[in-house]
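Dear colleague,

I am handing over the structure below, together with my notes on what was found in it. Please read the notes with the structure open beside them.

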Amino acid sequence: MSCELSETATPEDFARPRWVGQPDVRERAQRLSQKFEEAYGRAPVGVWAAPGRANLMGEYVDFSGGMCLPFAHQYVTLTAAAPREDGVLNAQSMQDADESVADDRPRSTRISDIGPGAISGWFGYVAGVAWGMNRVARGETTHPVAVPEIGLPTDFGADLMVDSTVPIGAGLASSAALECSTALALFSLNTGNDHPDDALRRALARACMDAENYIVGANTGGLDQTASLRSHAGEILALDCRDFDVARLPADPALAGLTWLAVDTRAPHKLADGQYSSRRAECEAAAAVLGVATLRDALPEHPTPDDAAAVLARFEHLLEAGAELTEDRENTRLRLRHSMTEMVRSVQIADELHTDAPDWSLVGQLLVEGHESMRDDCQVTVPELDAAVDGCLNAGALGAKVVGGGFGGSVIALVPLDTVDRLAASVQLCFAQNGFREPLFLTLQPSEAGRRIL
């Protein structure tokens, strides 16, 4: 799909891009507090905020133990909350039903009744967190280390109201932001602790992951929740998904005259429909052929492109030798190639960001390679995503790629600060020429993790 601009294009040819405004989080929190009081007849104890995330590299490798490079951005989901003593969880949303997976109908359940298959819709992201907190408290997760501090007493309940500034369906982790703001609110209501340390934040992220995996039914791997709960402002996380240890990389492209631009294609984005889970199943099938617990185990500690190629060759050799494969052979081969090369790209970018003067052109090149892999090997892009990347690159971006799970959502681009407006206008024109829905534009800054704000 071509998004090249005509050499004769004039400023009149460019529609005015639609920018998503920078959120006034405190003002939104105050408004949410007022709405809570109107709905429940009492003031909330507080309002908690958790951000969405962007990801430079490491798509579809978190569940395979790979390294991911996410950062929390400045758009947040807010949860106002007050405790109950009857074991009941009530929740309402301020989001409009025609703009979101959420709507404004009240939801209610006893926490003891929450379980897989019991909760549907947006409320699953909220109620599932309470269930997940108790599960992690008992050590019943795939990483069975009990963290009793985050468990909820049998008589614990809460009234909640949520609002969000994260664009819904944009692939910027609005669902994880909802889960994580809920987790912080419930944890604080129960313990009085508004400043959980990193170990507790890791446990809360695990609870949110379990909510999404088992209650919502999206088989994601924990990247989003970790970024939302454990990020620092001005830094990118190097997240090792083998053990969820993190290293923090200072990454300020503004020092080089650059910024992160997100293009919300507004193409529908939904991961709980089996597409994400099928990719995960194919990666797990490849790991079984290779005889490793996760695909990351097939690579050395500091992998190179040659190491990735060697794993692919070994996989083909094992199949020719009669190894059993439970998924489609060609699809599994493609997913394996994406996983191996994506893990290497993550290491390459992390290495570059560790230096005193990162080569941002190299980072941009790796972003493009990551998008091509998501398009050709992971097969999760749609025409709008490919057009957004093409349009960004043709207008001067150093790099661009799909961010998140694909099948719609957003592109993230590394863009010179002095060309942001023209670049956005050129992408806008590209979408119009292709008959796509008008995109939205956001500039993203690496921001702080979830916290109590009111």
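Val263 stands opposite Phe441 in strand 13, and this pair belongs to a set of 5 bridges by which strand 10 is joined, in the antiparallel sense, to strand 13, residues 440-444. Please keep in mind throughout that this is a predicted model. Strand 10 is also joined to strand 12, again running antiparallel, through 7 bridges, and in that pairing Leu258 has Pro416 of strand 12 as its bridge partner. Strand 10 is mostly covered, with 7 of its 7 residues buried. Leu258, Trp260, Ala262 and Asp264 point one way from the strand, while Thr259, Leu261 and Val263 point the other way, and all of these are buried.

Met340, once its neighbours within four places in sequence are left aside, is in contact with Leu295, Leu299, Ala308 and Val311.

Two pairs of helices deserve a look. The axes of helix 6 and helix 7 come within 9 Å and cross at roughly 75°, and these two helices are therefore roughly perpendicular to each other. Where they meet, Ala286, Val289 and Leu290 of helix 6 face Val311, Arg314, Phe315, Leu318 and Leu319 of helix 7.

Helix 2, residues 123-137, packs against helix 4 at an angle of about 120°, with the axes 7 Å apart, and that angle makes helix 2 oblique to helix 4. The crossing of helix 2 past helix 4 is right-handed. On the side of helix 2 the contact is made by residues including Gly124, Gly128, Trp131 and Gly132, and on the side of helix 4 by residues including Ala203, Ala207, Ala211 and Tyr214.

Ala199 is found in helix 4, which covers residues 198-216, and Ala199 counts as exposed because its relative accessibility is 53%, where the cut-off for exposed is over 50%. Ala199 and Arg230 are 31 residues apart in sequence, and their C-alpha atoms are 9.6 Å apart in space.

Since 8 of the 8 residues of strand 7, residues 157-164, are buried, the strand is largely enclosed by the rest of the structure. Both of its faces are covered, with Gly157, Asp159, Met161 and Asp163 buried on one side and Ala158, Leu160, Val162 and Ser164 buried on the other. Strand 4, residues 70-84, pairs with strand 7 in the antiparallel sense over 8 bridges, and within this pairing Ala82 stands opposite Asp159. Strand 5, residues 88-93, is joined to strand 7 by 5 bridges and runs parallel to it, with Leu89 standing opposite Ala158.

An open sheet is formed by 3 strands in the order 3-8-9, with antiparallel pairing. Its edge strands are strand 3 (67-68) and strand 9 (245-250), each of which pairs on one side only. Strand 3 pairs with strand 8, residues 235-240, over 2 bridges in the antiparallel sense, and Cys68 stands opposite Leu239 of strand 8.

Lastly, there are two backbone details to check. Most residues other than glycine have a negative phi. Arg266, although not a glycine, has a positive phi of about 65°, and Arg266 is found in the loop between strand 10 and helix 6. Phe407 likewise has a positive phi, near 55°, and lies in the loop between strand 11 and strand 12. Is Phe407 buried or exposed? Phe407 is buried, because its relative accessible area of 16% falls under the 20% cut-off.

With kind regards

Conventions
Residues are numbered from 1 along each chain as its sequence is written. This is a predicted model: local features need pLDDT of at least 70, side-chain atom pairs count only at pLDDT 80 or more; totals for chains, interfaces and linings use all residues. Side-chain values use heavy atoms; hydrogens and water are left out. Contact means heavy atoms within 4.5 Å. Helices (H or I, at least four residues) and strands (E, at least two) are DSSP runs, numbered from the N terminus. Buried means under 20% relative accessible area, exposed over 50%, partly exposed in between (1.4 Å probe, protein chains only). Two strands pair if DSSP finds at least two bridges between them. Axes are lines fitted to C-alpha atoms, for helices over the stretch in contact, and angles run from 0 to 180 degrees between N-to-C directions. Angles under 35 degrees count as roughly parallel, over 145 as roughly antiparallel, 65 to 115 as roughly perpendicular and the rest as oblique. A crossing is left-handed if the near helix is turned anticlockwise from the far one by less than a right angle, and right-handed if clockwise.
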